Amino acid sequence: MVAKRQLSAMDKRISGQRALEAFYCACAAGGIAAFGLAFTDPFVVTLAGYTCAFALFALSINIILGGVGEVPLGQCLFFGIGSYGAAIGIGKLGLSFEVAVVAALVFAAVCAAIIGVITLRLTGAYFSIVSWGLTGVAMVAAANLDHITGGPLGLFGFPPITVGPLQLGNPQAYFFVTAAILLVSILFLVAVRRSPFGAAMDSVRQNPHLARAVGVDVARIRQKAFMLSAPFAALAGALSVPYTQIVTPDVFNVANTVDGLLMVLLGGARLVIGPVIGAAMFTLVPQIMNLDPNVKILAFSSMIILIMMLAPGGLHQIGVTLRDRLARKKDADYTR
Amino acid sequence: MELLVQTLVNGLVLGAGYAVIAVGLTLIFGIVGIANFAHGAFFAIGGYACYLLTMRGVNYFVAIPLSVMVVVLIGALTEWIVMRRSLHGDSHTGSLIVTFALGQAIVAALILIFGPDPLPVTSPLGQSTLRFVGIFVTSQRAFILVCSILVLAALGLWLRRSVKGQQVIAVAQNPRGALYSGINVPWIRALAFILGVAAAGLAGALLAPISTIYPTMGYGALIVGFTVVILGGMGSIPGAMLGALLIGVANALFETFVSVSWTPLWVGD
């Protein structure tokens, strides 16, 4: 009887949660629409679009950092593959943007499969160092393979980029496309996190030995997470092309990964939308305060050090601690 | 034949420079137990300190120990403020992210203070070269080689012969055992960190006249250092030296006989 009541209460709570989530999604979609229509300044709207694209990259980093608990310093490799894939596809091969992006995503996933076999044997600092080293290899390759990548000067001068009927040269269209893709990606990643695979990733991060002991194939989960993260980074890279209008070997620069990593750490790695919050802060705050990019890096790096020393879960953890503290009183009443 | 010998010598000289960077890195990894991603930033600080001092008219040879002192000071400060507090976390990603962010912060600060452009450091050795049985070595490179050998030998001797050195080795082998036998482990860890970054600073000051200095000069050094350290086995000092020489020679051979523009592939630079 009691169990039944509890079950029905749980059902109710779950359906309540569903409703709340649907409400959040509607709010997000409404927010995107309102923002896109309310702001007409092309600079602001384009920047917002680029922020959405880069937030995808932060999400990709967070699949590794918040998912399996490694620091992916080489994630810009896939970002670069996405950028070059889109640029080569539309610039050299004359494909449509969508086809080029899909091809780049598939290529990134295949690369991740191959690279993962090598690098995922390593953990901790070794993994980070080797994957960072691989981006160096990619940068040298991009600078030397003149006939494919345009060499050190890179690729530029693309034909107008379109997605279906939308011209990505138009700031509003660019923003709507990137924001929609970001929203869909977030929903997808939330679903992944709730799936058995998400639980397995959690167990691998928290304690790989215990995970193996209860029957989780640790190596397989890590490989799958790595292959899942790569297409998101490539998508971010491809979607940043309409903004940057040029792709140089510098996309493989570790500074790109650092920006993404800072976004993830700012927002908190535990939450799926943490990186998105981080990305918004990372681009909007310096823009509003008119900061020099180096001041930005200095300020945010110092902030990361402080966060890691005081609250390793990021700003999200501070929020949760506050909420728990406020909620504790209610809980105590409930149990009595 | 002559070309081959010349290339080998170039490689050994290059490797000697790498060895100083890598030994610092491996010392920190072995004793403090962290992969110091801020190592390259301390390398750059060494270079910039040397630049500032030589600009003020200090002789280059005097400027080297002084810039090492500057790095020691900054290293001690970071150890005291940041490292000590961020190490006790249980996750291995914590120290990695902290050192990485620290490196980023230092590089950004250097760009803000000195600007992003390369700056020259002049050495009194200038462009003069030494000639020895048909092999050319610039005096500056020969000086780097001698300095590296001296410093590495002194470090090895200190670790082997002195009480403090033995304590450092004890902490590397078994921190808990060292603690139980009355060794001040936190202090030894601080010492190892400071020594490690001092080595990076020394390398920065030594290499500055050859490569000019720029804020991101540390990234290349860091990647090379890690390559060497992984090759030699993390935490092993003789391994780091051997690895550095190997990488240096391999690099020089590749540069001479295959391709200059593809050479960074080796070290992922």
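Predicted model: local features only at pLDDT ≥ 70, side-chain atom pairs only at ≥ 80, totals over all residues.
1. Start with helix α10 of chain B, residues 237-257. At 1.5 Å a residue, its 21 residues should span 30 Å. The end C-alpha atoms are 30 Å apart, which agrees.

2. Which residues of α10(B) are buried? They are Ile237(B), Ala240(B), Met241(B), Gly243(B), Ala244(B), Leu245(B), Ile247(B), Gly248(B), Asn251(B) and Ala252(B). Keep the helical repeat in mind when reading that list. An α-helix has 3.6 residues a turn, so residues three or four places apart point the same way.

3. Now chain B as a whole. The chain has eleven helices and two strands. Along the sequence they follow the pattern α-α-α-α-β-β-α-α-α-α-α-α-α. The radius of gyration is 18 Å, close to the 18 Å that the globule rule gives for 269 residues, so chain B is as compact as a globular protein of that length. Its C-alpha trace spans about 55 × 40 × 35 Å along the principal axes.

4. How much of chain B is buried? Of its 269 residues, 50% count as buried. Take the contacts in chain B with a separation of 6 or more: residues 24 or more positions apart account for 75% of them.

5. Turn to chain A. It has 14 helices and four strands. Its radius of gyration is 21 Å, close to the 20 Å that the globule rule gives for 336 residues, so chain A is as compact as a globular protein of that length. The C-alpha trace of chain A spans about 70 × 50 × 40 Å along its principal axes.

6. In chain A, 44% of the 336 residues count as buried. Consider the contacts in this chain between residues at least 6 apart in sequence. Of these, 75% join residues at least 24 apart.

7. Inside chain A, look at helix α7 (residues 171-194) and helix α10 (residues 218-244). They pack at an angle of about 170°, with their axes 11 Å apart. An angle over 145 degrees counts as roughly antiparallel, and α7(A) and α10(A) are therefore roughly antiparallel to each other.

8. Which residues make this helix contact? From α7(A) come Tyr174(A), Thr178(A), Ile181(A) and Ser185(A). They meet Phe232(A), Leu235(A), Leu239(A) and Pro242(A) in α10(A). By class, the contact has six nonpolar, two polar and no charged residues.

9. One residue of α10 in chain A deserves a separate word: Ala219(A). Is Ala219(A) buried or partly exposed? It has 15 other C-beta atoms within 10 Å. Buried would need 20 or more, and exposed 12 or fewer. Ala219(A) is therefore partly exposed. Ala219(A) and Met303(A) are 84 residues apart in sequence. In space they are 33 Å apart, C-alpha to C-alpha.

10. Last, the contact between the chains. It takes 28 residues from chain A and 30 residues from chain B. On the side of chain A that touches chain B, α5 (124-144), α11 (254-267) and α13 (293-310) each supply at least two residues. Which helix gives the most? It is α5(A), with twelve residues. The residues on this side of chain A divide into 19 nonpolar, nine polar and no charged.

Key: Residues numbered from 1 in each chain as written. Chains lettered and ligands numbered in written order. Rg over C-alpha atoms; globule rule 2.2 N^0.38 Å. Contact = placed C-beta atoms within 7 Å. Expected span 1.5 Å × (residues − 1). Nonpolar A, V, L, I, M, F, W, Y, C, P; charged D, E, K, R; others polar. Axes fitted to C-alpha atoms, helices over the stretch in contact; angles between N-to-C directions. Parallel < 35°, antiparallel > 145°, perpendicular 65-115°, else oblique.
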